[in-house]
Amino acid sequence: MTWQRKVNQALGRFAGVRLERVGPAPKPGEAGEPEIRPPADPALDRLLTAPVFVLSPVRSGSTLLRAMLDAHPLLHAPHELHVRRLTVGFGTALARNAMEALGHNQADLEHLLWDRVLHRELVRSGKQYIVDKTPANAFAYRRIATCWPDARFVFLLRHPASIAASWYEADPDRRSREEAAADALRYMKAVQRARKALPGLTVRYERLTADPEGVTRAVCEHLGIPWTREMLEYGTPGVVRKGLGDWQDKIRSGTVQPGRGLPAPDEIPEALRPMCRSWGYL
């Protein structure tokens with residue numbers, strides 16, 4: 001008898017518990033995980049119409065873009081909302097059975113919750129369309145597109161080395177330059193996967209800061225709404241707080257500021273070179 005088995009038997013006798021080996025976590029759609037599926041009846045199951053998602057890596061200028069979009073009279077672009085992290089629980093088997101009898105699995109109920117939270121925020125704003133620019137949404141692009149089949153997407157890119165440098169400078173005590181590059185690269189790869197899978201408009205931070213009118217006009221055309229000059233003088237964003245977007249001085253200025261100069265080819269970390277080539281920066 002192994003010592004692990006002896007300890008397990010002792011735990012059973014004296015504490016009433018036993019340790020069991022747990023296998024790998026199931027993937028969505030497998031046993032134990034709810035199927036991710038579109039709304040059964042979109043007219044009843046969704047309050048939002050054509051929500052807009054800006055999919056971008058961290059530190060890519062998404063707070064600037066969302067502030068400019070929020071200045072549009074038809075668009076409400078609040079701070080990062082992280083709704084994909086909102087979950088529901090059944091509590092009891094009876095609750096699960098009751099929801100299943102109504103045709104809802106856990107993912108369906110989470111989608112109803114996400115939609116309700118965003119719809120409430122939109123109604124409070126008095127505008128027509130909501131915009132969410134949470135960078136981590138890139139990791140859940142398939143589920144977002146499944147939850148809202150009529151969602152529109154804008155992909156925001158920036159020079160990968162500039163992203164990594166900005167991510168490091170945002171909190172140098174938390175991550176080294178190498179760690180910042182590796183972490184930011186995860187977001188870049190997720191955005192790249194989303195760009196290949198979903199229809200949408202791709203814009204670049206460098207172009208946004210150099211020609212804000214031209215880029216915002218293109219975004220408005222993509223969304224089917226008229227362009228307004230208010231987008232160029234967006235004012236101070238309503239929420240400027242670390243963890244919910246860019247909180248530094250440049251975004252507080254209320255107007256578009258010049259972007260940093262592009263790094264020279266020999267300044268690009270080796271790990272970021274493939275993405276630089278893929279995005280046309282090398």
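**Entry 1: aromatic rings**

I began with the rings and counted four aromatic pairs. My rule pairs rings of Phe, Tyr and Trp (its six-membered ring) if their centres lie within 6.5 Å; planes under 30 degrees apart count as stacked, over 60 as edge-to-face and the rest as tilted. I looked up Phe53 and Trp148: the ring centres are 5.3 Å apart and the planes stand at 35°, so this pair is tilted. Phe53 belongs to strand β1 and Trp148 to the loop between α6 (141-147) and β4 (152-157), so the pair ties together parts that are 95 residues apart in sequence. Helices (H or I, at least four residues) and strands (E, at least two) are DSSP runs in my notes, numbered from the N terminus. Both Phe53 and Trp148 are buried, where buried means under 20% relative accessible area, exposed over 50% and partly exposed in between (1.4 Å probe, protein chains only). Ring pairs also link Phe53, Trp114, Trp148 and Phe153 into a cluster.

A note to myself on what I am reading: this is a predicted model, in which local features need pLDDT of at least 70 and side-chain atom pairs count only at pLDDT 80 or more, while totals for chains, interfaces and linings use all residues. Residues are numbered from 1 along each chain as its sequence is written, and side-chain values use heavy atoms, with hydrogens and water left out.

**Entry 2: charges over rings**

Arg152 lies over the face of Tyr129, 4.9 Å from the ring centre. Arg175 has its charged end over the ring of Trp167, at 3.8 Å from the centre.

**Entry 3: the sheet**

In what order do the five strands of the open sheet run? I read the order as β2-β3-β1-β4-β5, with parallel pairing. At the edges I found β2 and β5 (201-204), each of which pairs on one side only. Two strands pair here if DSSP finds at least two bridges between them.

I went through the pairings in turn. Strand β2 (residues 75-76) runs parallel to β3 and is joined to it by two bridges, with His76 having Ile130 as its bridge partner in β3. Strand β1 (residues 52-55) and β3 are also parallel, over two bridges, and Phe53 stands opposite Asp132 in β3. Between β1 and β4 I found four bridges, again in the parallel sense. There Phe53 stands opposite Phe153 in β4, and Val54 stands opposite Val154.

Next came the two faces. In a regular strand the side chains alternate between the two faces of the sheet. In β1, Val52 and Val54 point one way, Phe53 and Leu55 the other, and all are buried. Strand β3 (residues 129-132) is covered on both faces too, with Tyr129 and Val131 buried on one side and Ile130 and Asp132 buried on the other.

**Entry 4: helices**

Helix α3 (residues 62-70) is mostly covered, as eight of its nine residues are buried; among them are Arg66, Met68 and Leu69.

Is Leu185 buried or exposed? Leu185 is buried, at a relative accessible area of 11%. Neighbours within four places in sequence aside, Leu185 is in contact (heavy atoms within 4.5 Å) with Ala271, Leu272 and Met275. Leu185 and Leu272 are 87 residues apart in sequence, yet 7.2 Å apart in space, C-alpha to C-alpha.

**Entry 5: cysteines and chain totals**

How many disulfides does the structure hold? I found zero, taking a disulfide as a pair of cysteine sulfur atoms within 2.5 Å. Cys147 is buried, with a relative accessible area of 0%, and Cys220 counts as buried at 1%.

To close the page, I wrote down two totals. Of the chain's 282 residues, 44% count as buried. Among contacts between residues at least 6 apart in sequence, 75% join residues at least 24 apart.

Definitions and conventions. Lys NZ or Arg CZ within 6 Å of the ring centre and 35° of its normal.
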